[in-house]
Structures are given as structure tokens and as C-alpha cells.
Amino acid sequence: MAPALPRLLSAGAWPRPLGLHVLRAATPGPAGPRGRTLGSAAPAAQSEPAGGGGLADPRDRVLSEPLRHPDFFSVRELFSVRSLFDARVHLGHKAGCRHRFMEPYIFGSRLGQDIIDLEQTAAHLQLALNFTAHVAFRGGIILFVSRHRQFCHLVENTARDCGEYAHTRYFKGGLLTNAPLLLGPGARLPDLVVFLHTLNNVFEPHVAVRDAAKMNIPTVGVVDTNCNPCLLTYPVPGNDDSPPAVELFCRLFRTAVRRAKDKRRQVEALYRLQGREGPSAVTGPPS
Amino acid sequence: MAASCVSCGAAVSRRLLLRPPLSLAPRQVLWKAAELQSVPGPQILRLKHVTVVTTKKNVKAPRRETYTVDFIKKQIEEFNIGKRHLANMMGEDPETFTQEDIDRAIAYLFPSGLFEKRARPIMKHPEQIFPKQKAIQWGEDGRPFHYLFYTGKQSYYSLMHDAYGKILDIEKHKNQLQAKGLFSEKNKTIDLIGSRWLIKEELEEMLVEKLSDQDYRQFVQLMERLLQSGAAEEEFVQSFRRSVTVQSKQQPIEPVQRDAQGMAFSTSEGKRKSAKAEAVVYEHGSGRIKVNGIDYLLYFPVLQDREQLMFPFHFLDRLGKHDVTCTVSGGGRSAQAGAIRLAVARALCSFVTEEEVEWMRQAGLLTSDPRVRERKKPGQEGARRKFTWKKR
């Protein structure tokens, strides 16, 4: 196999420019409607005799190569403990509001206010951003959820800017669990739900946390010291009340999603280019 | 659909005259052969009939019918073809056949005696007949097109989001100007008189989405907040307002006429209960009122009726300035007085400014009283009075 594709697929390859090499004709199949199975790739529609053996291979490699690296999209370089501290992410609520399950993530308490351990936050945040980027790379639907009135506009803008979806309004009961009725038959559910605020307006856990767990949808959530991190797949302990902190999180998620999508587009473009330059005896240029 | 037969066990005896046998739907009534009795004379025919009573069980509530895009397109094509046929039938040019021509043609070809206008035959563009529906919301890969799809009410929430965004922009702009010291307090408020906010049904129609009352109230509040923050987004706000016709402009004002002597006067009519009146009010006079040729003091001995006649003049402070000659028929004394009052008020409109006409309208002088005598109902002594209730 020509080295262009692996170079593109190697870790940290973003955003270096790549040289083009001729590969055997490999037609990327159209992205069919997939369920939320992130592991499988859609089987190739056409099988060409010359590239039959290698056709499924690049496709599989596109999807499986990023999974071999711990930080394929270099999300760790997007933030540092210092930048988290400057954005006041370490500030929690008063000790009386503390949730029992948040105690492992709390560094200590100063003058009655809980301080979140930023080392743990950094680790959790890296995992969460990495996961988000992988979901975006594989074309998954990401739903940003927040019920905080102050940041509703910001979250919706973030979602719109990265081409994903947002829900910062009143959450109707069966939206995830009764989707065919509420969203229409054949509607696709989100593949990842990102909570900028886990609590709703009455300081209770958002219904979507439980519903996503019921529907086997992975969740990423920023949990403050008064939140319950139990049902979230990737909790990120941090402040969710200060504007700088929320803006930082929005920026991080937006950048991660954008990077992943750009990477995917590059890979797809490379495929198409290699497919066009492939041997014309096999088939004509793919449409 | 289950059908259960209810058979009358006991024979229903009827006195039947000798009639030719009626042809009824066989499944509905089953006639057994009527046995003629041996005794001559009027025959009492005993019939045993089985009535089929259809009851609907387990019928689901009718769901809103969804029309596919292809179906609507086909309907539009059929409508256009039908329009051309209709134009040819009526002998008119198919190219310049408007909707009004269609309505007239249909009313001519299919005359209907039905009172309900909506039950009469219509031929309109399918977009006006079939309710607007949302097209499919997601693409081939299943990803929805709109970023607020998962909220359920994407158009409404996107509208709220945009409006709020505009408010934030205006405030940011204002802060920048204030920081530079260029902010001026000139209040360019948008004129709200003569227009009203969209009602909830109109908004639902515009967004093609169902809204709750709470949503509608939030929308109106947000729009008003947008108005308060500045006059920058005028077109955006005006797109959600509809003009309201000023009521007083609808009041028809009688033209002023001149009689043989050159005296200016105006005539109009009034009704009350079953009394009809026609009044002629002269512009310059000394407050004389003649009713059916008789002076009003003699025609209306009761003070209350005379006060009714005086009220329009008293309201406009023109008590001794006009002469009135009127004719009235029907009704009782009070009804006649009310009829004349209405006629006089309408006639006075021609001599008075528009503002005063509006005042008269608001005072109720120009509205005809809709109250008529309510009919007596059977089982009651009067229209409302019931018969005396006796406990035992």
C-alpha cells in the first residue's frame, strides 16, 4: 500500500500538508444510514476485480486507524492546567452543596468553597474531547444539551458553528425513548450527548442523562460539585457556572469536532483523488 | 366494524293502512310476511322486524392525513389542466384566467343552494386546500438539516434564537457607542399604533408548527423586548405585525344635501326592536323636533323618551343648533325613541369632525341595538321563566 494514506492516518498528522501518491482504484462507498454502531463500516457497493481485495481494506483502515492512537486528533494540546485555572474551572460550589459522588474529584475546600482537582479534570477532559472527536470523525450526531438560561444562546451558536445539534430548551418527555412518535418515524437518534450543564432549572439531574443511558447513547458531561456524575460515560469535573469556564468548554468542543471533521474530509478527498488516478482499465472514473 | 343485530322480541303491532309494500334496504329491516286476519274490517298487522344497528367498535381516532410531495405536485398539475379546460368551457382565454374568473365559473356551472359558504363547490389552488406540511427533515445519511431538530419545534426555537441574537447585537453596539461617547439618546421608537402582533394561529401557520400558549406569550415578550432595545430591526419586527383597520373609518357618513331653500340637511335611518325611523337633520336650526308631523313634546309625553332624542345633541354640545324632522313606524314608545336616536346620531355624523364621530362610536351612539324579543319556549311559561316548581 502506498504510504500516503497511512501518513494521513498517523497520529498528529493534522494539519501538515501531504503529498499525493497513486493508489489502486478504491471507490469509497457512500455513507449509508448507519445506526449507532461505531465499529462497523458499511460494505462497499461495488467490488472491482483488480482492487477487490484492497477495496474494503482502505475503508476499514480509515475507520480503524484513528483508534490505534491514544490521542489521534491531538486534543491534549488544546488546553493546559494553566488555561483551565485561568478560566476558573477549578471553582466549585459551597461545601453544603457538595454531591457525595463528586468527592473523589474535589481537591479540597477553601473558605467553604470546594476546589476541583484540575489534574483529574485535565485527564477526564482529554478523554472526553478525544471521544467527541472520534465520534465526529465517524460522522456521528452530537447533541449539545444545556438548560442554563444564561448560556443557552452560546451553546446553540457553538453547535451551529461545528455543524452539530443543540437542545437548550424544554426537554419533552419521550424525545429519546419515544423518538418515532416525537421526531417522526425513521428519525436517527444522536450518537453522543454532550452536557454543558448536567442540572436543569430546578437543580435536578437533566432527564436526558437517564434517557441517554437507557438508549445506550454515550454521554459526555461537565459536572460541577453539586452534580451526579454516575450515569455519564465521560464526566468532566469542572465549573459550569462562570462564563469564562463555559466559554472555554464550548471552544474546546467546537475545535475538537471541527478538527475531526476536517480530518475526515481530507481523508475522503484523498480517496477520491486516488480513485480517479487509479488504472482506468478496471472501471471508469467513479461518479 | 362490528354489526350487532337488535331484534325486537315482542311483536311491534302497528295499524297499517293498505299500502303498497315499501322497498327498504333488505339488510336494514326484515319484514316478515304480514298475516292477514280472517276477520274483515281494519286490519291490525303484527310485524316482527329485525333491525340491523351498526355500531362502531375500536375505531382509532382519525390522524392528521399526511400528503406526500408527489401527491401535491400531481394535484397542482391537475388543477392547472382543469383551469384551462374550464376557461375553454367558458369561452375565455386560458392564459388570462384568474382565480376570480374560476370562482365565477364554478358558481355558474354548479349553482348551490347551501347556506354554508364553505360547503359549496370550490376550485382553488391545492396549496390553499391542503394544509401546509413539513417536508422530510433529514438527508440520506439520517442527519437532520436543522441544528435545532431535536428540540421538536425547530422553526419556533430558531426564531427565538435569532431574535435574542439581534437583541444581544443591539446591546453590544450600544455599549460600543457609549464607550466611544457617541451614544445619543434619540429615541426612534417604531410606531405601533394601527398594527397588532400576530395571533397564535397566524404564528402557527407561519412556522408550520404547533405552539402552546406559553410559547406564544414568550414570543410576544421577546419581540417587545427587541422593540425596546432599539429601532434597528424594524423590518424584522414589522414582519410579525399586522395592520388593524381603524374602526371609525368604517362608519359610512351620509353626504350633506341641500333643499330648495338652500338649507343644508342630511338624512339617515335607524332601527330598534321592530321600530324603523328616518330622520332629516338640518344644519342650522333652533332645536325643534317633529315626529310624524307632531311636535316631540306631544308625541313622547314621557321624559325618558325625550331624553333619548336629546342625547346625541347633548353629547356633542349642539342642543339648540339643529332642527329635526323624522318619521317612525312600528314598535312601542321606547323602541321608537331608540330608533330615532340612532337615525339622528347617524345623520349628525355629516356635520361633525372625524374625532367626534369616533367619540360617538365609542359612546355607543352609532351602534344599532341588537336586542330583540326572545321567543317563548315550549315547556316554559316565557322565554326564561319556568313553570312553578312543586315539590310534590
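Which residues of helix 5 of chain B are buried? Keeping in mind that this is a predicted model, the ones that count as buried in this helix, which runs over residues 200–207, are Lys200(B), Leu203(B), Glu204(B) and Leu207(B). Because these residues cover an arc of only 100° around the axis, they sit on the same side of helix 5 of chain B. As a reminder, an α-helix has 3.6 residues a turn, so residues three or four places apart point the same way. On the other side of helix 5 of chain B we find Glu201(B) and Glu205(B), which are exposed. As for what covers the buried residues, helix 4 (154–180) and helix 6 (213–229) of chain B are included. After helix 5 of chain B comes Val208(B), with a positive phi near 55°.

Staying in chain B, let me turn to a helix pair. The axes of helix 9 (residues 303–315) and helix 10 (residues 333–348) of chain B come within 8 Å and cross at roughly 10°, which means that helix 9 of chain B is roughly parallel to helix 10 of chain B. Among the residues making this contact are Leu309(B), Phe311(B) and Phe313(B) from helix 9 of chain B, and Ile340(B), Val344(B) and Leu348(B) from helix 10 of chain B. Sorted by class, the contact between these two helices of chain B has nine nonpolar, three polar and three charged residues.

Now to the interface. Here 28 residues of chain A are in contact with 20 residues of chain B, and the area buried between the two chains is about 2100 Å², with carbon and sulfur atoms giving 57% of that. On the chain A side, His153(A), Tyr165(A) and Arg169(A) supply 30% of the area that chain A buries against chain B, more than any other three residues.

Finally, chain A itself, which has eight helices and eight strands, and in which 51% of the 287 residues count as buried. For those of you who check backbone torsions, most residues other than glycine have a negative phi. Arg88(A), in the loop between helix 3 (81–86) and strand 1 (91–94) of chain A, has a positive phi near 65°, and at 40% relative accessibility Arg88(A) counts as partly exposed. Leu111(A), in the loop between strand 2 (106–110) and strand 3 (113–116) of chain A, has a positive phi near 55°, and because its relative accessibility is 74%, Leu111(A) counts as exposed.

Key. Residues numbered from 1 in each chain as written. Chains lettered and ligands numbered in written order. Predicted model: local features only at pLDDT ≥ 70, side-chain atom pairs only at ≥ 80, totals over all residues. Heavy atoms only, no water. Buried < 20%, exposed > 50% of the residue type's maximum accessible area, 1.4 Å probe, protein only. Helix = DSSP H or I, 4+ residues; strand = E, 2+ residues; numbered from the N terminus. Arc of directions from axis to C-beta. Contact = heavy atoms within 4.5 Å. Axes fitted to C-alpha atoms, helices over the stretch in contact; angles between N-to-C directions. Parallel < 35°, antiparallel > 145°, perpendicular 65-115°, else oblique. Nonpolar A, V, L, I, M, F, W, Y, C, P; charged D, E, K, R; others polar. Buried area = accessible area lost by both parts, 1.4 Å probe.
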